[in-house]
Amino acid sequence: MNYYNLAVHSCYDLLNSTIKLEELFKKLKEDEQEAVCISDPNMYAVIKAERIAKKYNISLIYSLELKILCNLDFITLTLVCKSEKMFKKLLKISTSISTLENEYSLEELESILAEEKKEVIIIVKDEIKNKDTAKYIIKILKNLDYYFNY
């Protein structure tokens, strides 16, 4: 069984990681890993990461980490894309957040992703301690492919 890390943050996630892309892919190659998922809260690293991934013959899984509004609180989600169409949608979401300083609610995110529901995996990264909040998240995301990370 292969292991793929779905939670790597690069140095493009300012103040949260010091992992340089070249060093990351070199280490992945040494460890004989075939793929990696970089889940920064922006898409700044994608062009450089794609170029370096090709150099080391490692598959790059595109994802975006988001803090979204859910019941008057913020939760962290990772959106993992399965297609080029979804990749472009992640770029739009990332650009909207970084340039327009938009914040998304869980409902808004669900409506944005609804038409490509088979093209994305949603990972709820935060531990949800409130049963009502967990039920609410499940209700909103019921038509999407989602997982709780804890």
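Predicted model: local features only at pLDDT ≥ 70, side-chain atom pairs only at ≥ 80, totals over all residues.
## A buried aspartate

D40 is buried yet takes part in no salt bridge, and the nearest side chain of opposite charge, that of K125, is 9.2 Å away. D40 is placed in the loop that runs between strand 1 (35-38) and helix 2 (46-56).

Although a salt bridge is absent, the side chain of D40 is joined to that of S10 by a polar contact of 2.5 Å. Once neighbours within four places in sequence are left aside, the residues in contact with D40 are V8, H9, S10, Y12, D13, A45, S63, L64 and E65.

## The nonpolar core

The largest nonpolar core has 43 residues, and F25, L79, L106 and L113 are those with the most contacts inside it. Strand 2 supplies the largest share of this core, namely 6 residues.

For L79, again leaving aside neighbours within four places in sequence, the contacts include Y62, S63, L64 and L66, together with L90, I93, L109 and L113, and also V120, I121 and I122.

## Aromatic pairs

The structure holds 2 aromatic pairs. In one of them, the ring centres of Y62 and F87 are 4.4 Å apart and the ring planes stand at 45°, so this pair is classed as tilted. Because Y62 belongs to strand 2 (residues 59-70) and F87 to helix 3 (residues 84-100), the pair ties together parts that are 25 residues apart in sequence. Both Y62 and F87 are buried.

The rings of Y146 and F148 have their centres 6.0 Å apart, with planes at 85°, and the pair is therefore edge-to-face. Y146 counts as partly exposed because its relative accessibility is 21%, and F148, at 25% relative accessibility, likewise counts as partly exposed.

Most residues other than glycine have a negative phi.

Technical notes: Residues numbered from 1 in each chain as written. Heavy atoms only, no water. Phe/Tyr/Trp six-rings, centres within 6.5 Å; stacked < 30°, edge-to-face > 60°. Helix = DSSP H or I, 4+ residues; strand = E, 2+ residues; numbered from the N terminus. Buried < 20%, exposed > 50% of the residue type's maximum accessible area, 1.4 Å probe, protein only. Lys, Arg positive; Asp, Glu negative; His and termini not counted. Salt bridge = Lys/Arg side-chain N within 4 Å of Asp/Glu carboxyl O. Polar contact = N/O pair within 3.5 Å; in protein donor to acceptor, adjacent residues only side chain to side chain. Contact = heavy atoms within 4.5 Å. Core = buried A, V, L, I, M, F, W, Y, C linked by side-chain atoms within 4.5 Å.
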